Amino acid sequence: MLPLQLKLDRSTLIASEIANRDRKALFTPRQDLVSIYSNKPKSVVVEKRERMTARRAELTSIQDSNPDTSTWRTEDWWANWLGVGLLSIVVLSVVIGPTAGLKPGKSLLTGWVAKPAKWGGNLSDTLVAKDKSSLLPGITATGCLLCGLFALGNAGLGRNGLAFIPGFVLLFGLALLAFTMAEQELIRYYNLEYPLWGLFVGLLAHFVLGTNSIISRALQTEFYIKTGLVLLGIEVLLPNLVALGLPGICVSWVVTPVVLITTFVFGQRVFKMESPSLNMVISADMSVCGVSAAIATGAACRAKKEEISMAISLSLVFTVIMMVVQPFVIRLVGMHEIVAGAWLGGTIDSTGAVAAAGTLVGKGAEQTAITVKMIQNILIGVVAFGVATYWVTVVERSSASSTGTDEESNRPSLWEIWYRFPKFMLGFLGASVLFSVISASGSGGEAIVAGTMAVTKELRGWLFGLAFVSIGLEISFSEIKRQWTGGKPLVLYVCGQLLNLVLTLAMAWLMFGVVFRDASDQLLKQAYPDQQATQPVR
């Protein structure tokens, strides 16, 4: 027991300290009161306050870099401007084509936008068109057009547009090499398309030349793909939704979100993936439409470039495997062509690979596969918006809570979802709606859309080719090695793709083989009008 006097002295001291603390509180800013009344050590309080400050600064930087008044300074918006500019130029060339003596639906740019041609034993054949004219002027003109537009875009983004040009010339040369290799007869026979060769050429240049300061200025993977996706919008026409009716929509829009969500939850809960953004990019890449979905969702969840590159690399490798193995399995079991086409379109990532795999099965499978993939592509914008919303309201909020940030700073803003949404998807969706309306206006509108699409497909191919070469050049093997520890990304992709294959096949069989069997037979008759469609539905 303490003496009575000592107890009184101690009580007086405590009361004095409390009074001094309250007196300080009267003259202390509100945000610093926690350091006065908290029983935590000062270092913990300071650390917590620094985290809160950093979080607010991050939100402020996001808002400052994305407001409507700064649309000239973001890649997303410039992808829209360049995409709209290219579409306008091409449409104008198609509209005024008849005045220059061309058939309706033909563009004045035909021949001036070109890629290497198919070749066999003679390499020089790759620069000769079917009409025996030279493709070199067209390839050169394409390079100059894209170089000028992206130099303008870089200047608009506050970069050095002139310094971009030498690097782009080198990058375009590497992309030309990749396209040339992809057009070799034997390589085409095995459907080894330009994305794989672009990645290979980029990796080879990375090892041989390194990433020097000249070409590094032109390594803008996301900028090229974002602009290419705006051009892709013209190919995703809304009438495709009714081309296959409810069966096609069920295969494309029911299975896809189920696989995406299941794979992401599996990666987080079972595999304990360290990076939620890598998990999401892989899930979207595998379930939706490969590269396009990886870029869109990567932008929505702020994924690292290395994470996006890894997801794209996985997609390219498995696309090659699936486009060979799946047709073999289809022929082995005697699967109905329409069911097979729906299965191919819902599982293989690349649209070009879908068409190639469908061709190996039959005309009916090819048409169905391409249509299912086009319907699935419409989901890119919806998925990007959903990922942006989920990331802001759940992932980052829970991450901030785990670090001790206060509830007020955790509360997401609806504006932040808008800031996070990939703005280039607005160009994609706008092009899809606009050209759907033009196509539905009659035969003249269909001719304009067909003529425009013939040119923009070539331009989009070049943009994606530049992007794949860029991925190979700027890939970080140290980061990939760190992410690949334990092989989790590969195992996650395989598990997700297996689920995708099983569910898509089940839905394709149910819709086209059971519920809408008559519609399936009708589609087969349309593909082979001179033959009797008697295939069994399996």
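Colleague: Over the ring of which residue does the charged end of Lys115 sit?
Modeller: This is a predicted model, and side-chain atom pairs count only at pLDDT 80 or more. The charged end of Lys115 is 5.6 Å from the centre of the ring in question. That ring also belongs to a cluster linked by ring pairs, which includes Phe164, Phe168 and Trp462. The residue under Lys115 is Tyr194.

Colleague: Which residue has its face under Arg460?
Modeller: Arg460 is found in helix H24, residues 443–474. The ring centre is 5.7 Å from Arg460. The ring is that of a member of the cluster that also holds Tyr194 and Phe468. The residue is Phe464.

Colleague: Is Arg460 buried or exposed?
Modeller: Leaving out residues up to four places away in sequence, Arg460 touches Gly228, Leu231, Leu232 and Glu235. Its relative accessibility is 16%, and the cut-off for buried is under 20%. Arg460 therefore counts as buried.

Colleague: How many residues apart in sequence are the parts that the pair of Phe264 and Trp391 ties together?
Modeller: The two rings form a tilted pair, 5.9 Å centre to centre with 55° between the planes. Phe264 lies in helix H13 and Trp391 in helix H20, residues 379–402. Phe264 is buried at 6% relative accessible area, and Trp391 is buried at 4% relative accessibility. The parts tied together are 127 residues apart.

Colleague: Why is the pair of Phe266 and Phe271 classed as it is?
Modeller: Phe266 is partly exposed at 30% relative accessibility, while Phe271 is buried at 17%. Their ring centres are 5.0 Å apart, and pairing requires centres within 6.5 Å. Planes under 30 degrees apart would be stacked and over 60 edge-to-face. The planes here are at 55°, so the pair is tilted.

Colleague: The backbone oxygen of which residue does the side chain of Thr263 reach?
Modeller: Thr263 is found in helix H13, residues 255–269, and counts as buried at 3% relative accessibility. Its contacts, not counting residues up to four places away in sequence, are Asn279, Ser283, Met286, Leu492 and Gly496. The backbone oxygen, reached at 2.7 Å, is that of Val259.

Colleague: What is the relative accessibility of Val372?
Modeller: Val372 lies in helix H19, residues 363–377. Leaving aside neighbours within four places in sequence, Val372 is in contact with Leu244, Val251, Ser252, Ala342, Gly345 and Gly346. Val372 counts as buried, with a relative accessibility of 0%.

Conventions:
Residues numbered from 1 in each chain as written. Predicted model: local features only at pLDDT ≥ 70, side-chain atom pairs only at ≥ 80, totals over all residues. Heavy atoms only, no water. Helix = DSSP H or I, 4+ residues; strand = E, 2+ residues; numbered from the N terminus. Buried < 20%, exposed > 50% of the residue type's maximum accessible area, 1.4 Å probe, protein only. Polar contact = N/O pair within 3.5 Å; in protein donor to acceptor, adjacent residues only side chain to side chain. Contact = heavy atoms within 4.5 Å. Phe/Tyr/Trp six-rings, centres within 6.5 Å; stacked < 30°, edge-to-face > 60°. Lys NZ or Arg CZ within 6 Å of the ring centre and 35° of its normal.
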